[in-house]
Amino acid sequence: MLLVRGGTVVTAEWSRRADVLCDDAGRIAAVGPALDVPVGCDVLDAGGLLVMPGGIDPHTHMEMPFMGSVSSDDFQTGTAAGVAGGTTTIIDFVIPDPGTSLLGAWKDWRAKAEKAVSDYSFHVAVTHWDQRVHDEMGILTRDCGVNSFKHFMAYKGALMVDDGVLLRSIGRALELGALCNVHAENGDAVAYLQQDLLARGVTGPAAHPRSRPPAVEGEAAQRVIAIAGLLGAPVYIVHVSTEEAAAAIAAARARGQRVYGEVLAQHLVIDDGVYADPDWLGAARHVMSPPFRPKHHQNALWAGLASGQLQTTATDHCCFCAGQKQQGRDDFTQIPNGTPGIEDRMSVLWHHGVRTGRLTPEEFVAVTSANAAKIFNIHPRKGTVTPGADADLVLWDADSSRTVSAATHHQNVDYNVYEGMTLTGLARHTISGGRVVWSDGDLRTVRGAGRYVERPCFAPDMAAQARRNAVAAGR
Ligand code: URP
Ligand code: ZN
Ligand code: ZN
Ligand code: ZN
C-alpha cells in the first residue's frame with residue numbers, strides 16, 4: 001500500500017487538500033484529509049505538491065512502421081519517457097497495411113506493446129474497406145476492448161481513405177457504438193501540391209508546409225464533419241492545428257453536432273519559423289503533418305481549449321532520428337513525418353497554459369487526462385482521483401523549472417523540438433498502478449508492467465447519440 005500524504009488533489013472539477021491511499025491491487029482505496037497510515041504502508045510526502053490524475057496521451061505512435069522507417073521510441077522507451085513527464089496512459093494506433101486484417105494488426109500491436117511500462121490502449125485504423133473490415137470492426141469492439149477507429153484523409157497512395165470508405169466506416173462504427181477519429185487533411189490536394197513543388201525543383205523541407213497549407217486541413221475538417229453529420233455520428237478530429245479547423249468544429253458543436261477536437265502540445269507553442277532553418281536537418285526534424293503553422297493559429301488552439309470547443313491535448317509522439325529523416329534529403333515528400341513530445345506535453349501545458357492564466361489547474365487536468373478518459377470511455381477508471389480509480393497519479397511541482405534537452409530526456413530520439421525551452425511545472429513523482437515509477441529524476445519502471453486497457457463501446461455520448469438517432473427515425 002502507498003499513502004500519498006499532504007498534497008493538494010486536483011481533478012477536472014475541484015482542488016482540495018487530501019491524502020490518497022493506493023491499495024496493492026493498484027487502485028485508489030481512499031481520498032480524504034488526514035487518512036490513517038495502515039500498518040506496513042509506504043508513505044510518500046506530497047507536501048507542497050499537486051496530486052493529479054496521471055496524464056493520458058490519446059495519440060502516440062510507438063515503433064510504428066511509416067514511410068519506409070519505424071518510429072524510434074518503442075513501447076518500453078516511449079512509455080518510460082511518458083512517466084518521466086507525468087503521463088501514465090497512452091492510446092496508440094494499430095495501423096493495418098491497406099488490404100490486410102484489422103484483427104491481425106491488432107494482435108501484432110498487442111505483442112509489441114507487452115513491454116510497455118505503463119498502461120496502454122489502442123485505436124484501430126481503417127485503411128481500406130471490404131466485408132472483412134466490416135466484420136472485424138464488430139469483433140474488435142465485442143471481444144478486444146476497442147471503441148475507436150482511425151481514418152487518414154491524407155497520405156495518398158498509403159493510408160489514405162476516400163469519402164466512400166469514410167461513410168461506410170463511420171456508419172459501421174455508429175452501429176457498434178464506437179467513435180471515429182480522423183486525420184483531416186485533403187490528401188489529393190497535398191499530393192497535387194507536392195508534385196507541383198517537386199516539378200519546380202523545390203525539394204527541401206521548407207516545401208513541406210507549402211504542400212499542406214491551412215485550407216487543406218480546413219476543407220477536410222469541414223468535409224468529415226459534414227459526412228459524420230449526414231450519418232448522425234459523433235467524430236473526433238486529431239491534431240487540430242488551424243483556426244479554420246477549430247472554427248469548423250466550434251460551428252458544428254453550435255449546431256448540436258457531437259464533434260471533438262484534439263490539440264498537440266507542439267502546435268500550441270512552435271510555429272512555422274522552424275522551416276526557415278538554413279540547416280537541412282534542423283528543418284527536417286520539424287516535418288510532421290499537419291505542419292507547424294503561422295503563429296496566429298496558436299491563439300485559436302488555446303482559445304479552443306479554454307472554451308471547451310477543443311477537448312484534449314496529445315503529442316502524436318512519432319520519433320525519427322537524423323538517419324531516418326535523411327531519407328528525404330533530396331525530396332521533402334520522403335522525410336518520415338513525425339515529431340517527439342510525450343515527455344514534455346504536461347510541462348508545456350502547465351508553463352504556457354496555466355502559468356499564463358489561459359487555463360486553470362482544473363482545466364489543465366481536463367485537457368491532459370479527464371476529457372480523453374471521458375471521450376474514450378475509461379472514466380472514472382482513469383482521468384480522476386477517486387476511490388476505485390486506477391492509482392495513476394502525478395505529484396506535480398508547480399513551481400520548479402527545468403530546461404528541456406535531448407541530452408537529458410528519456411525519449412529514444414536524438415533531438416527535442418523544445419530544446420533549450422525552460423518550463424516551470426514538472427512531474428516530481430509519477431505513480432502507475434499504485435507503484436512509484438518516477439521519483440525526483442529517477443526512473444523506476446518495470447518492463448512489461450503496463451496493462452492493456454480495454455475500452456467498452458457506447459460511451460455516454462455515443463449512447464445519447466444513438467437515442468437521438470432513434471427518436472429522429474421514429475423508432
Ligand atoms: O506527422 C505525423 N503526424 N506523423 C504520424 C502520423 C500521423 O499523421 O498522425
Ligand atoms: Zn452493418
Ligand atoms: Zn495524423
Ligand atoms: Zn498520428
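**A walk through a predicted model**

Gly 55 lies in strand S6, where helices (H or I, at least four residues) and strands (E, at least two) are DSSP runs numbered from the N terminus. This is a predicted model, in which local features need pLDDT of at least 70 and side-chain atom pairs count only at pLDDT 80 or more, while totals for chains, interfaces and linings use all residues. Residues are numbered from 1 along each chain as its sequence is written, and chains are lettered from A and ligands numbered from 1 in the order in which they are written.

Is Gly 55 buried or exposed? Gly 55 counts as buried, because it has 31 C-beta neighbours inside 10 Å; a residue is called buried if 20 or more other C-beta atoms lie within 10 Å of its own, exposed if 12 or fewer, and partly exposed in between, with C-beta atoms placed from the backbone. Leaving aside residues up to four places away in sequence, Gly 55 touches Gly 86, Thr 87, Thr 88, Arg 345, Met 346, Thr 368, Ser 369 and Val 394, where contact means that the C-beta atoms, placed from the backbone, lie within 7 Å. Gly 55 and Lys 115, which are 60 residues apart in sequence, are 19 Å apart in space from C-alpha to C-alpha.

Strand S6 leads us to the sheet. An open sheet of 8 strands runs in the order S6-S9-S10-S11-S12-S13-S14-S15, with parallel pairing, and two strands are said to pair if DSSP finds at least two bridges between them. Strand S6 (55–60) and strand S15 (312–314) stand at the edges, and each has a single partner strand, so one side of each is left without a neighbour in the sheet. From one strand to the next, the twist averages 30 degrees. Strand S6 and strand S9 (residues 87–94) pair in the parallel sense over 4 bridges, and Thr 60 stands opposite Asp 92 in S9.

Helices pack on this sheet. Helix H1 (residues 75–84) touches S6, S9 and strand S10 (119–125), and its direction makes about 145 degrees with that of S9; here axes are lines fitted to C-alpha atoms, for helices over the stretch in contact, and angles run from 0 to 180 degrees between N-to-C directions. Helix H7 (residues 214–231) also packs on the sheet, touching strand S12 (179–183), strand S13 (235–237) and strand S14 (259–264), and its direction makes about 170 degrees with that of S13.

Another helix to look at is H13 (residues 345–354), which is largely enclosed by the rest of the structure because 9 of its 10 residues are buried. Among the buried residues are Arg 345, Met 346 and Trp 350, and the buried residues of H13 pack against S6, S9, helix H9 (265–269), S15, H14 and strand S17 (422–432).

Back in the sheet, Lys 150 lies in strand S11 (residues 148–152). In UniProt, an unreviewed entry lists Lys 150 for "modified residue: N6-carboxylysine"; UniProt positions are given in the numbering used here, feature names are shortened, and annotations may be inferred rather than shown by experiment. Lys 150 counts as buried, because it has 23 C-beta neighbours inside 10 Å. Not counting residues up to four places away in sequence, Lys 150 touches Phe 93, His 123, Val 124, Ala 125 and Asn 181.

Which residues surround ligand 1? They are His 61, His 183, Met 288, Ser 289, Asp 316, Cys 318, Asn 337 and Gly 338, a residue being near a molecule if its C-beta atom, placed from the backbone, lies within 6 Å of it. This shell divides into 2 nonpolar, 5 polar and 1 charged.

Some details of the backbone remain. Most residues other than glycine have a negative phi, and most peptide bonds are trans. The peptide bond from Ser 289 to Pro 290, however, is cis, with omega near -5 degrees, and Pro 290 lies in the loop between helix H10 (280–284) and helix H11 (296–307). The peptide bond from His 379 to Pro 380 is cis as well, with omega near 5 degrees. Tyr 155, although it is not a glycine, has a positive phi of about 65 degrees, and Tyr 155 lies in the loop between S11 and helix H4 (163–176). Asp 440 is not a glycine either and has a positive phi of about 50 degrees; Asp 440 is exposed, with 7 other C-beta atoms within 10 Å.

How values were computed: Contact = placed C-beta atoms within 7 Å. Nonpolar A, V, L, I, M, F, W, Y, C, P; charged D, E, K, R; others polar.
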